[in-house]
Amino acid sequence: TGFRNSYDVIFPSNGQMYATDNGLGVTGTFPPAPAPPCTGLASTNPWNAGGHNPGEQPDLLFRVEAGKYYGHPNPYRNECVFKDGHYQGVSALPNWAPPFFSLGSKKSSNGIIEYKADSFKGALKGRLIIANYSQGDDLVSVKLSPDGTAVEGSEHVAGGFSDPLPVVEGPDGTIYV
């Protein structure tokens, strides 16, 4: 639980599960109280001025694990703490999982695949390929550690798209956006 706007998930060959999650690029709020019941009207004033608006938040990549909370509150599940709790002056929920990797601000990181072909001289094989719908209108690759528990790097792959959402790999290694 705790995803804001996770467009896609993937189960790559390393046996892990990963999800992209869109950050906040506009005015938004977290619950008015960090403990249940946490429903009600929240102030759109900045959090550091007594309000409940955390400001711009980056898009994130998560390694998804059972039973974890990924930081976006859902008052109807009694999940009231935003991310690690520092915006509300409280501790993180006990099952909070920090982001695995920041994909950048206002990207709208959406479609995700594991590239499996030997095309491009094998340079992308085993990497996650992520489509950025908004700023960038591009594809980025994310290189994972051999055990899939860390990110070793990322790089721009291709650009010039018009609001790409899904990304798929064809049988011959062609990337379709």
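Predicted model: local features only at pLDDT ≥ 70, side-chain atom pairs only at ≥ 80, totals over all residues.
1. Let's start with the cysteines. There is one disulfide in the structure, and it joins Cys 38 to Cys 80, with 2.0 Å between the two sulfur atoms. The pair ties together distant parts of the chain, 42 residues apart. Cys 38 sits in the loop between β2 (18-21) and β3 (59-63), while Cys 80 belongs to the loop between β3 and β4 (101-104).

2. What is the handedness of that disulfide? The S-S torsion for Cys 38 and Cys 80 comes out at about -70 degrees, so the bond is left-handed. As for burial, Cys 38 has a relative accessibility of 2% and Cys 80 has 1%. Buried means under 20% here, so Cys 38 counts as buried, and so does Cys 80.

3. Next, have a look at the open sheet of four strands. Its order is β1-β2-β3-β4, and the pairing is antiparallel. The edges are β1 and β4, each of which pairs on one side only. Strand β1 (residues 9-10) is joined to β2 by two bridges, and Val 9 has Ala 19 of β2 as its bridge partner.

4. Moving across to the next pair, β2 and β3 run antiparallel with four bridges between them. Within that pairing, Tyr 18 faces Arg 63 of β3, and Thr 20 is partnered with Leu 61 of β3.

5. Asp 59 is the residue I'd check on screen. It is in strand β3, and it is buried without a salt bridge. Which side chain of opposite charge is nearest to Asp 59? That would be Arg 4, at 6.4 Å. For a salt bridge, the Arg nitrogen would have to be within 4 Å of a carboxyl oxygen.

6. Six of the seven residues in β7 are buried, leaving the strand mostly covered. With strand β6 (residues 128-132), β7 makes five antiparallel bridges, and Leu 128 lies opposite Val 142 of β7. With strand β8 (residues 151-158), the antiparallel pairing of β7 runs over six bridges, and Lys 143 has Gly 153 of β8 as its bridge partner.

7. Finally, the turns. The hairpin of β6 and β7 has five residues between its strands, and Gly 136 in the turn shows a positive phi of about 110 degrees. In the β7 and β8 hairpin there are six residues between the strands, and Gly 148 has a positive phi near 75 degrees.

Technical notes:
Residues numbered from 1 in each chain as written. Heavy atoms only, no water. Disulfide = S-S within 2.5 Å. Buried < 20%, exposed > 50% of the residue type's maximum accessible area, 1.4 Å probe, protein only. Lys, Arg positive; Asp, Glu negative; His and termini not counted. Pairing = 2+ DSSP bridges.
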